[in-house]
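Subject: Model handover

Hello,

Please find the model below, for your files. My notes come after it.

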Amino acid sequence: MISVANVSMRYGSKVLFDDVTTTFSPGRRYGLTGPNGSGKSTFMKLLTGELAPQKGTVSRPNKLGVLSQDQYAFDAFKVSDTVIMGNKRLWDTLQERERLYEKTSMTDAEGMRLGELEGIVGEEDGYSADSDAAVLLQGLDIPNELHDRKMAELQGGQKVRVLLAQALFGRPLALLLDEPTNHLDLDSIHWLQGFLERYDGILIVISHDRHFLNAVCTHTADIDYETIITYTGGYDDMVLAKMQIRSRIESENIQREKKIDQLNDFIARFSAGTRASQVASRRKEVERLQTTDLARSNIQRPYIKFVMNRPSGRLAVEFKHVSKAYGDLSVIDDFSAVVNRGEKIVLVGRNGVGKTTMLKTLLADAPGQPASPDDIDSGTVRWGHEAAIGYFAQDHTGVIEKGMTAVEWLHQFDPDLSRQDIHGLLGQMLFRGEEGLKPTAALSGGETARLLFCRIMLQKPNILVFDEPTNHLDLESINALNVALQKFEGTVLLVTHDQDLMEEVGTRVWHFSQGRIEDFKGPYEEFESVLSSR
């Protein structure tokens, strides 16, 4: 069990949570939710022991599996060894055992110690450590040929998967995972989901993937109102219960306020008369009926709405025999397709199979986009009449110019718009008050994403090309984006690993696998059903 007693944390005048007491029990899987800045990562650090509470105590089991956030901490180690380090007792034992075996001769005490170490290795399943680590790595799409490489040789996304395998290794009594689905493709997410559903210890997970939370979690610990309230069920269950509780309290308050008004009216009319005992009785009743104070929620919901200046032609874009390779590696091979106005295509497949390459090929000579002839080797991409594109790139590096404020950067895309209107648009995306004057160089990942959405809303395109738009967004923003894309009347091409977005937005699927692209004309759920029946 993990228990938290009377814990408080604040930074300056900002209270994250105050006098929180709660427990996390074995066999339960908890989603830790709350908007960006509510204190989720801080609370997770309290649970792992990385931070000490300013007030209160935290007790935890000795054997924790924690997802490391430092991608570079293990660069000097082999991939398989990095995974085994997830079981600190086993790793330390293996290191000491290796040092003893390297000796040309041993004392009796060292021989006795070696026997003890072999016992610990057996207790911790150390004799199958390499094969157990390999199973975890394979499930997370780290191929066998990389297992003996140094971590420094891996790409960023691959490092994150190895660190996730490290957290899962060695049967920890509790798993504490902060954004474990970041940088994972859908197949890896499904594998992780299955692993966690079989896990019988304590799981506490932070994720911005609603589908993942709903599938994995038996309970949801929500940080809001400066406290933590635990609800039964996944994320959607929590939202429903939270709304029902708040609605009930609001309704009860309205009824109480009506009754209080009636009692106060009686008190005012008869306080100076002969009904002193009745007036005193009603004063006591007023005190008893005082309404329940509703704490202010820290949830902020952005308002995203994509509208078009004018629709495109019936044909939005057409591919003819398009190919793209990197050296000897063919990523797109002789692909042809017609995309009609209003279609919403989701591009799916494992990481590295060519989804982002397809979008870059699409935009190589697109109207209103910088020409990039190197992004297409052969074939043609023909855009329809009046096509206007709003592009959200996966990599934001260099997209937003430094040396200006958010307002100034956004204003250049429509100089005729008043500064008041620009501030209003920024306010929709949670840049409140003076936050619109924040220097672009100081924007966080989430703020950068929201500013890019502001630009797209300002430009009013009729074709949206989005590459991993949910990175850096919290759940409220992802839900707002989901609704906006569903309501958008134009054409969408979308790369995402968020399954809810795939299922609820997509009307057509391009599936990338083994060097080919399957064009499925139907929603993602139908495609998944067909795929599973093969």
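The notes cover a sheet, a helix, one aspartate and the cysteines.

This is a predicted model, in which local features need pLDDT of at least 70 and side-chain atom pairs count only at pLDDT 80 or more, while totals for chains, interfaces and linings use all residues. Residues are numbered from 1 along each chain as its sequence is written, and side-chain values use heavy atoms, with hydrogens and water left out.

Sheet

Helices (H or I, at least four residues) and strands (E, at least two) are DSSP runs, numbered from the N terminus. Two strands are paired if DSSP finds at least two bridges between them. On that basis there is an open sheet of 6 strands with mixed pairing, in the order β14-β15-β16-β12-β17-β18. Its edge strands, each pairing on one side only, are β14 (389-392) and β18 (516-520). On average, neighbouring strands of this sheet are turned by 15° against each other, direction ignored. Axes here are lines fitted to C-alpha atoms, for helices over the stretch in contact, and angles run from 0 to 180 degrees between N-to-C directions.

Within the sheet, β12 (residues 344-348) and β16 (residues 491-495) run parallel and are joined by 4 bridges. L347 stands opposite V495 in β16.

Helix α11

Helix α11 (residues 355-362) lies across β12, β14, β15 (463-467), β16, β17 (508-513) and β18. It runs at about 145° to β15. Contact means heavy atoms within 4.5 Å. Buried means under 20% relative accessible area, exposed over 50%, and partly exposed in between (1.4 Å probe, protein chains only). Because 6 of the 8 residues of α11 are buried, the helix is largely enclosed by the rest of the structure. The buried residues are K355, T357, M358, L359, T361 and L362.

D185

D185 lies in the loop between β6 (174-178) and α7 (186-198). Its relative accessibility is 0%, so D185 counts as buried. Not counting residues up to four places away in sequence, D185 touches D141, R161, G349, R350, N351 and H497.

A polar contact is a pair of N or O atoms within 3.5 Å; within protein, one must be able to donate a hydrogen and the other to accept it, and residues adjacent in sequence count only if both atoms are side-chain atoms. The side chains of D185 and R350 make such a contact (3.2 Å). A polar atom of the D185 side chain also lies 2.9 Å from the backbone nitrogen of N351.

Cysteines

A search of the whole structure for disulfides (cysteine sulfur atoms within 2.5 Å) finds 0. C217 is buried at 8% relative accessibility, and C454 is buried at 0% relative accessible area.

Regards
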